[in-house]
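Please keep the sequence and the structure in view while reading.

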Amino acid sequence: MEMKDIMNLFQGVSTLLSSGPAVLFTRIGLMLLGMLLVYLGKKGVLEPLLMIPLGIGMAAINAGILFMPNGSMGNLFLDPLVSKPDDLINILQINFLQPIYTYTFSNGLIACFVFMGIGVLLDVSFLIARPYLSMFLALCAELGTFLTVPIAMALGLNIKDAASIAMVGGADGPMVLFTSLALSKELFVPITVVAYLYLGLTYGGYPYLIKLLVPKRIRGIAHEPRKNVKKVTAGQKLAFSVVACTVLCLLFPVAAPLFLSLFVGVAIRESGLTHLIDFIGGPLLYGSTFFLGLLLGVLCDAHLLLDPKILLLLVLGIVSLLLSAIGGLIGGYIMYFITRGKFNPVVGIAGVSCVPTTAKVAQKSVSAVNPKALILPEAIGANISGVITTAIIAGIYITIIPMFFK
Amino acid sequence: MNVFTLILYMYAIAAAISFFVALIIHAIYFVIKIMEKQKSGKNEPMPLSAANFKEVQTEAALMENEGEVMAAIAMALFLHSKDLHDEETLKLTIKKSARPYSPWSSKIYGLNIYKR
């Protein structure tokens with residue numbers, strides 16, 4: 001048996017050796033990164049639900065590359081760049097993840113499924129109890145979503161790509177996927193990967209930012225119990241979901257799938273349809289999250305990630321998330337001064353709409369200083385408002401930007 | 001249009017819509033609260049009129065005299081509350097009986113009973 005035959009037998013190794021040094025090292029690096037992500041997911045440093053399938057997918061796609069019949073290198077997972085109908089029909093019968101990618105990922109359906117699941121998990125009573133405060137904090141926590149756009153443009157991105165990467169500041173994965181699909185088709189894969197990688201970091205990174213920006217004395221402020229606690233009924237929550245969905249769809253038809261997905265989840269929860277709640281909050285949400293993670297991992301192909309824009313996207317993604325968190329804390333400080341020191345500014349960071357991670361991070365940071373201080377109701381209110389404001393901003397970007405910049 | 005101006009406009013639009021949503025939430029809360037109040041108001045008992053006030057007063061007097069009824073209710077409540085217990089011993093033991101008899105091992109109840 002000749003050396004050539006052996007190399008044909010182990011095509012993963014032969015493709016690795018026959019590619020240039022840049023691809024070789026990137027592939028090996030991504031395989032190791034995939035393993036690291038699985039480890040960090042298992043350890044709880046990053047979100048395990050997403051990171052374990054993502055990591056293993058990343059390692060597998062960079063390992064399992066083979067020579068195709070036409071002599072080029074490829075894989076049997078999926079090809080995100082196929083667009084011609086004939087090629088697509090052929091490839092749908094070969095690549096095992098292609099049907100899921102084509103029918104759920106590239107049209108945003110999987111993002112909508114995740115959003116329905118989020119809707120079912122949301123208890124909007126915290127938002128209904130204090131709507132203005134929650135919306136104010138959420139708007140402040142969108143600072144990164146807006147400020148990153150001019151920064152990205154100054155660094156060489158066009159406005160559509162800049163708006164897509166700026167959406168990372170909203171800290172809402174499905175929203176980033178949806179916006180980048182609508183605005184920058186060429187970059188939507190790396191932008192979504194960057195977004196999901198960073199969303200896992202909010203849990204690990206934000207507590208340090210809180211410690212840095214909020215002194216211990218202020219961090220431990222306990223909110224005074226409210227005299228008139230608003231009792232919110234299921235009917236009120238259902239009415240809110242129906243009216244808000246209709247009004248927002250009327251204002252932004254481009255983002256209507258997102259609004260519908262979110263509010264249909266809320267409506268089902270408040271209608272008490274237990275079978276549907278169990279289905280959407282269980283198999284649909286977790287199934288979609290699993291396939292989203294797996295697809296994102298498989299999309300982290302070395303060739304795709306060797307795009308020079310990736311480094312820029314990585315920097316802009318973290319800038320956007322940081323600015324949003326700072327904006328949220330500024331909002332918290334404004335409320336602190338308005339209430340003359342009775343409001344805990346840490347609540348502001350929960351305006352970053354990573355449900356419910358940022359609310360949990362805020363409560364944990366406060367509890368570490370003052371175990372008796374309970375800020376979770378206000379934090380969850382701001383968190384839910386964050387989801388709504390991010391959806392509104394996605395709608396604004398998708399509607400307004402193509403109007404001015406074609 | 002300048003990018004900064006556009007960003008500012010978009011932020012203003014986002015803020016306006018967000019507070020509009022908050023206003024909707026506020027309005028819905030109060031409309032439904034008023035509707036529920038009206039609905040529950042219809043189910044409330046009618047206030048006592050002068051005509052039936054005497055009747056109610058007599059009934060209350062009768063109830064006061066019927067001490068046995070009260071005692072019976074108190075006894076029933078006491079027995080009921082004694083029967084409810086929050087804490088269990090959590091000890092699972094098999095009680096030994098004097099005569100270890102069980103119908104499971106009884107030959108009388110067997111399926112195959114042959115005539116002798």
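## Surface and overall make-up

Accessible areas come from the Shrake-Rupley method with a 1.4 Å probe, and for residues only the protein chains shown count as cover. With that definition, the accessible surface of chain A comes to about 17,300 Å², and 70% of this surface belongs to carbon and sulfur atoms. The structure is a predicted model, and every value in this report should be read with that in mind. Chain A has 406 residues, of which 55% are buried, and its secondary structure consists of 21 helices and two strands. Among the contacts in chain A with a separation of 6 or more, 73% are accounted for by residues 24 or more positions apart.

Chain B has 116 residues, and 14% of them count as buried. Its secondary structure holds three helices and zero strands, which gives the pattern α-α-α when read along the sequence. The accessible surface of chain B amounts to about 11,200 Å², with 65% of that area belonging to carbon and sulfur atoms.

## The interface of chain B and chain A

Where the two chains meet, 25 residues of chain B are in contact with 35 residues of chain A. Together the chains bury about 2,800 Å², and 85% of this buried area lies on carbon and sulfur atoms. On the chain B side, the residues that lose the most area to chain A are B:Tyr11, B:Ile25 and B:Tyr29, which together make up 23% of what that side buries.

How many salt bridges and polar contacts cross this interface? The rule finds zero salt bridges between chain B and chain A, while two residue pairs are in polar contact, both at pLDDT 80 or more. The residues of chain B that touch chain A divide into 21 nonpolar, two polar and two charged.

## Two serines at helix 12 of chain A

A:Ser180 is found in helix 12 of chain A, whereas A:Ser184 is placed in the loop between helix 12 (173-183) and helix 13 (188-213) of that chain. Are these serines buried or exposed? A:Ser180 counts as buried because its relative accessible area is 0%, which is under the 20% cut-off, and A:Ser184 is likewise buried because its relative accessible area is 0%.

Leaving aside residues up to four places away in sequence, A:Ser180 touches A:Ser164, A:Lys185, A:Phe188, A:Ile191 and A:Thr192. A polar atom of the side chain of A:Ser180 lies 2.7 Å from the backbone oxygen of A:Val176. A:Ser180 and A:Ile398 are 218 residues apart in sequence, yet their C-alpha atoms are 9.1 Å apart in space.

## Salt bridges

Side chains of opposite charge can pair when their charged atoms come close. A search of the whole structure finds four salt bridges over all chains. One of them joins the side chains of A:Lys309 and A:Asp161, with an N to O distance of 3.9 Å. This pair links distant parts of the chain, with A:Lys309 in helix 19 (residues 309-338) and A:Asp161 in helix 11 (residues 159-166) of chain A, 148 residues apart. A:Lys309 counts as partly exposed because its relative accessibility is 34%, whereas A:Asp161 is buried, with a relative accessible area of 6%.

A:Glu270 takes part in two of the pairings described here: its salt bridge with A:Lys237 has its closest N and O atoms 3.6 Å apart, and its salt bridge with A:Arg269 has an N to O distance of 3.4 Å. A:Lys237 lies in helix 15 (residues 234-251) and A:Glu270 in helix 16 (residues 256-271) of chain A, so that this pair, 33 residues apart, links distant parts of the chain. A:Lys237 counts as buried at 10% relative accessibility, A:Glu270 is buried at 11%, and A:Arg269 is partly exposed at 27%. Salt bridges that share partners join A:Asp123, A:Lys237, A:Arg269 and A:Glu270 into one network.

Conventions. Residues are numbered from 1 along each chain as its sequence is written. Chains are lettered from A and ligands numbered from 1 in the order in which they are written. Side-chain values use heavy atoms; hydrogens and water are left out. Helices (H or I, at least four residues) and strands (E, at least two) are DSSP runs, numbered from the N terminus. Buried means under 20% relative accessible area, exposed over 50%, partly exposed in between (1.4 Å probe, protein chains only). Contact means heavy atoms within 4.5 Å. Buried area is the accessible area (1.4 Å probe) that two parts lose on being put together, summed over both. A polar contact is a pair of N or O atoms within 3.5 Å; within protein, one must be able to donate a hydrogen and the other to accept it, and residues adjacent in sequence count only if both atoms are side-chain atoms. Ala, Val, Leu, Ile, Met, Phe, Trp, Tyr, Cys and Pro count as nonpolar, Asp, Glu, Lys and Arg as charged, and the others, Gly among them, as polar.
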